[in-house]
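Trainee: I would be grateful for a close look at one part of this structure, namely the sheet and what surrounds it. Please take me through that part in a connected account.

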Amino acid sequence: MRKTLLLVPVVLLSACTWGINLDDAGKAVRTAWNGDVSQCQDLGKVTVSVMDHVGPIDRNDIKVRDELEVMARNEAAKMNADTIKPLAEPADGSQPWGAYRCGSAGAPAGNTPASAASAPQTVPAAGFQTYPIKSH
């Protein structure tokens, strides 16, 4: 019984986002999921990491991926990048991202955050668009 009571807070904490939030500068950074950054200036590489498990319990893969993207966007903004692209799949809570400056002309279509777009958005070729999950 005592072990069960100790495990409850760990399970509840594994659902949290650990306080990782997209900052104002990070909101202007797009994610090039389609990978086309050929018209962009390469500014370097950002490797970010988060906890992917709490003790023996694995955290939700979607939340881990979302947090990695948010952290990469925040870090890329510090490099004056406006676009990021994943360079590999997440492994053990860590993921490398490329940081690029594409400008408005070279920006990948369909990856502009709604807050940064002044014109109506078009649906990307894949038919969907992703945004980081906002927790309350």
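**The sheet and its surroundings**

Mentor: In this predicted model, 4 strands form an open sheet with mixed pairing, and their order is β1-β5-β6-β2. The edges are held by β1 (30-31) and β2 (41-49); each has a single partner strand, so one side of each is left without a neighbour in the sheet.

For β2, the pairing can be followed in detail. Strand β6 (residues 94-101) runs antiparallel to β2, and 8 bridges join the two. Within this pairing, glutamine 41 has arginine 101 of β6 as its bridge partner.

A helix accompanies the sheet. Helix α2, which spans residues 61-78, lies across β1, β2, β5 (83-86) and β6.

Two loop residues deserve attention for their backbone angles. Most residues other than glycine have a negative phi. Asparagine 80, in the loop between α2 and β5, has instead a positive phi, near 65°. The relative accessibility of asparagine 80 is 54%, and because the cut-off for exposed is over 50%, this residue counts as exposed.

Terms used
Residues numbered from 1 in each chain as written. Predicted model: local features only at pLDDT ≥ 70, side-chain atom pairs only at ≥ 80, totals over all residues. Heavy atoms only, no water. Pairing = 2+ DSSP bridges. Contact = heavy atoms within 4.5 Å. Axes fitted to C-alpha atoms, helices over the stretch in contact; angles between N-to-C directions. Buried < 20%, exposed > 50% of the residue type's maximum accessible area, 1.4 Å probe, protein only.
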